[in-house]
Amino acid sequence: MSKRKTIDAFFKKKDDSNSEIRTPVAVETDVNTSMPDKHPSKCPKIQFEEIDHDPGSRKQICEFPINKQDEIRRAYIEKGPYQLVDIDYPYNDDPHHRRFQPSWFKSHKDWLEYSPSTDVIYCLPCYLFSKKPIGRPGSDVFISTGFNN
């Protein structure tokens with residue numbers, strides 16, 4: 001068996017005894033090396049008015065053109081979850097008369113969304129980073145159909 005080679009075996013050692021010491025020389029240039037504060041985007045920025053914020057009525061991310069999906073995700077992330085606090089949440093048809101509690105927004109402030117048009121809750125990160133629904137039962141609950149139980 002041959003001896004295993006380490007990564008050091010692939011590099012030649014530099015012989016420092018014959019090298020002369022060089023000091024760096026300062027060279028003056030008239031080149032502007034400052035970077036602009038903001039890089040202009042090649043794509044037009046999506047206006048948030050163009051996308052629907054209500055999770056019950058918005059299109060799925062996979063339904064947007066592929067070259068706009070990242071920009072649409074950024075717009076939703078900038079706005080944050082759709083959380084309406086100052087509305088009367090309707091009671092469900094259950095005999096126990098349950099309804100959505102706005103205090104849930106405090107404990108799940110980063111992801112929980114409520115849709116007044118469908119009276120169900122959604123998950124913002126699930127919506128933003130989900131793939132096309134695969135058809136398994138429950139795979140799209142927090143993304144497109146919503147949760148109300």
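Q: What makes a space in this predicted model a pocket?
A: On a 1 Å grid over the protein atoms alone, a pocket is an open set of points with protein on both sides within 12 Å along at least five of seven lines. A volume is the space filled by probe spheres set on the points, and the largest pocket holds about 290 Å³. Its lining has 13 residues, with R99, F100, W104, N148 and N149 nearest the centre.

Two notes on reading the model: residues are numbered from 1 along each chain as its sequence is written. Local features need pLDDT of at least 70 and side-chain atom pairs 80 or more, while totals for chains, interfaces and linings use all residues; side-chain values use heavy atoms, leaving out hydrogens and water.

Q: Why is the pair Y76 and Y127 called edge-to-face?
A: Rings of Phe, Tyr and Trp (its six-membered ring) pair if their centres lie within 6.5 Å; planes under 30 degrees apart are stacked, over 60 edge-to-face, and the rest tilted. Here the centres are 5.4 Å apart and the planes stand at 85°, so the pair is edge-to-face.

Q: Why is the pair F100 and F105 called tilted?
A: Their centres are 5.1 Å apart and their planes at 55°, so this pair is tilted.

Q: How do you know whether Y76 is buried or exposed?
A: Buried means under 20% relative accessible area, exposed over 50%, and partly exposed in between (1.4 Å probe, protein chains only). Y76 has 0%, so Y76 counts as buried.

Q: What makes F100 buried?
A: F100 has a relative accessible area of 7%, so F100 is buried.

Technical notes:
On a 1 Å grid over the protein atoms alone, a cavity is a set of points where a 1.4 Å probe fits but cannot get out, and a pocket is an open set with protein on both sides within 12 Å along at least five of seven lines; lining residues have an atom within 4 Å of a point.
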